[in-house]
Amino acid sequence: MIYHVKIGDMTRIVEVRRDGVTLDGTPLDVDFEEILGVPVRSLLLGGRSHRVSARRVGSEEWEVHLGGRRVSVSVVEARTQAIRETTVAKSRPSGPNPIVAPMPGMVVRVDVAEGDIVEAGQGVVIMEAMKMENELTAEAQGIVSKIHIEQGQAVEKGKVLVDLVALDLAENDV
Amino acid sequence: MISSVLIANRGEIAVRIIRGARECGVRTIAVYSEPDRLSPHVLEADEAYCIGPAASVDSYLRGETLIELAKTVGAEAIHPGYGFLAERADFAAAVEGAGLVFIGPTSDTIAAMGDKTEARRRMADSDVPIVPGLTDAVADADEAEKKATEIGYPVLLKASAGGGGKGMRVVEKPEDLTRAFEAASREALAAFGDGSVYIERYLARPRHIEIQVLGDAHGNTVHLGERECSIQRRHQKLVEEAPSSVLTEEERTAMGQAAVRAAEAVGYRGAGTIEFLYEDGEFFFLEMNTRIQVEHPVTEMVTGVDLVEWQLRIASGEKLTFTQSDVELTGHSIECRITSEDHLSGFLPSTGVITHLKIPTGPGVRWDGGVIEGSEVSLHYDPLLAKLVVHGADRKAAISRMSRALEELMVAGVETCAPLHRRVMEEQDFKAGALSIRYLDEHPELLEADAPEEMMIAATIAAALLEDEHRRGGPPRIKRPSSEPLNAWRRAVHPWGADRC
């Protein structure tokens, strides 16, 4: 099986076969062993010893811990990758990202109203978790299109708190 | 010596106190909230009693329940640890009132030092230098703005009742003051039940250096040298060391004497810490913590004095058996706080079950931990999982040892800040001892993911093999390589095996 493995901007091709592994076409000396009763693998890669702990955080997404580092890796099977490349639709920009709760916590305050224009970096919502306040800011300029929460509300991680649309998109809609 | 102690705390400090008490032959009584049933402090103690549900206000903060329990189970003393009820004068008074021993100073001392404005006044009266600023809480945002203009920006807003970074805000510009004041006041109210805030000059690049003191009930007070805790984020310490890499022997003596004066000024009994900001040879009183500190182990490592043992002995009425001239610092110690926080995303708290924990061991390594495999890390409590502490012959040796220990450490199931510590140990300014409390602000690259080529290749291969296993739902597809010596030799000489195409 051939995989497109992506870390950050770097994509490498890994082929996993019964008789071994190649990286970008070059055979590697790989020994990847489970350790009984422990969610850690021993990876000997060309004789270099790594302890690896990993979990699948999404479809084709892995979070790999090794050498005291955490690395997000996406692994896409080659045929799937090929299909995606030929069917990529032209995506139109949909405006700035919504404000999402980065952790479970409580909404202390909402600093905007629907229809407000926010600038990049401007505080939008203040959340509290573990008794610390965190200000959530807009990534880019936009118009507040919808507020999904109110002051005092408890929210789960990943909850969309405030929707933003890009300024030009909002104008086009008017 | 007292015969029994109830530990009104959880996590690593409860375990630390249990260890100390055990070594003194003191019966240990743990308390726990419902989700902490299988926490290490419950497993390690002689006895353990449930005191309520998860939320601290319904369990670890229920002073009356704890005192009742102590009386019922025949505990002679209560050790509050740090956090929770440790610096609540009313709790200490209630413990004393119930005829039990509070392991710490008197409630009057806690009250005096807990009120930051009162503490500053007392320190100024005892010739302990303080940071320029106000000694009174400001009434409202308008007054704060007026006072800030007098003191000069940047200013620091601090909760009068505070500690641990809560209710603290730095304000660089006048236009940010009102919002910061409101946030600080709200945070202070939520955390301490008191929203009053005071204001002082914000030093540009100070170091955080604190002095450990021990005072007995017979008027003897000594200091045990300093700890430098300059590496902080949002005023919470991450890395601590003893001794400081910057103090001269004269400065150490001067700060130590000031700390002893400060402790004596409030009739201090037990283990306490005087925190100072240090800049260019000047030092200023910051606050006094009237309890055991998180970072107490580095002092224990360089002085050989067991602080928890001495807390128990002093609470039992014993006299200090050594004087200032007996205190000697040997070698160098570093502590890294292992917290369940994701430093790559602004230190967001990470939660989950610890599925694997490999604790570093070996020469000069100490682990003060509050979690084990299977422990659930929730948002209910402090994110401090454990403290990794090393001791070495000198600072350089201690740094190497910490790097090695961090390499051994593995925590699976929750994110920790351990990778950040590894990078700090390798960073040039840290190695050179060029520190200030702005260290992390000045080294933002440490808070980004780094990507050494070899690690990235290993992660690439591991992820591909895991995804392959996952898709096929079976064990690793590749065969274990043969163990013939030639194969091993070849791997050693040609690390990437490229010769075998």
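In the predicted model, a salt bridge joins Glu135(A) to Arg179(B), with 2.4 Å between the closest N and O atoms. This contact crosses between chains: Glu135(A) lies in strand β14 (residues 132-137) of chain A, whereas Arg179(B) belongs to helix α8 (residues 177-192) of chain B.

Within chain B, Glu241(B) and Arg395(B) form a salt bridge in which the closest N and O atoms are 2.7 Å apart. Distant parts of the chain are linked by this pair, with 154 residues separating Glu241(B), in strand β11 (residues 236-242), from Arg395(B), in helix α12 (residues 395-408). Glu241(B) and Arg395(B) are both buried.

A further salt bridge in chain B brings together the side chains of Glu295(B) and Arg337(B), at an N to O distance of 2.9 Å. Glu295(B) is situated in the loop between β13 (282-289) and α10 (296-303), and Arg337(B) in strand β14 (residues 332-339) of chain B; the two are 42 residues apart and link distant parts of the chain. Both Glu295(B) and Arg337(B) are buried. The two residues also take part in a network of salt bridges that includes Glu210(B), Arg227(B), Lys237(B), Glu240(B) and Glu275(B). Over all chains, the count of salt bridges comes to 52.

Technical notes. Residues are numbered from 1 along each chain as its sequence is written. Chains are lettered from A and ligands numbered from 1 in the order in which they are written. This is a predicted model: local features need pLDDT of at least 70, side-chain atom pairs count only at pLDDT 80 or more; totals for chains, interfaces and linings use all residues. Side-chain values use heavy atoms; hydrogens and water are left out. A salt bridge is a side-chain nitrogen of Lys or Arg within 4 Å of a carboxyl oxygen of Asp or Glu. Helices (H or I, at least four residues) and strands (E, at least two) are DSSP runs, numbered from the N terminus. Buried means under 20% relative accessible area, exposed over 50%, partly exposed in between (1.4 Å probe, protein chains only).
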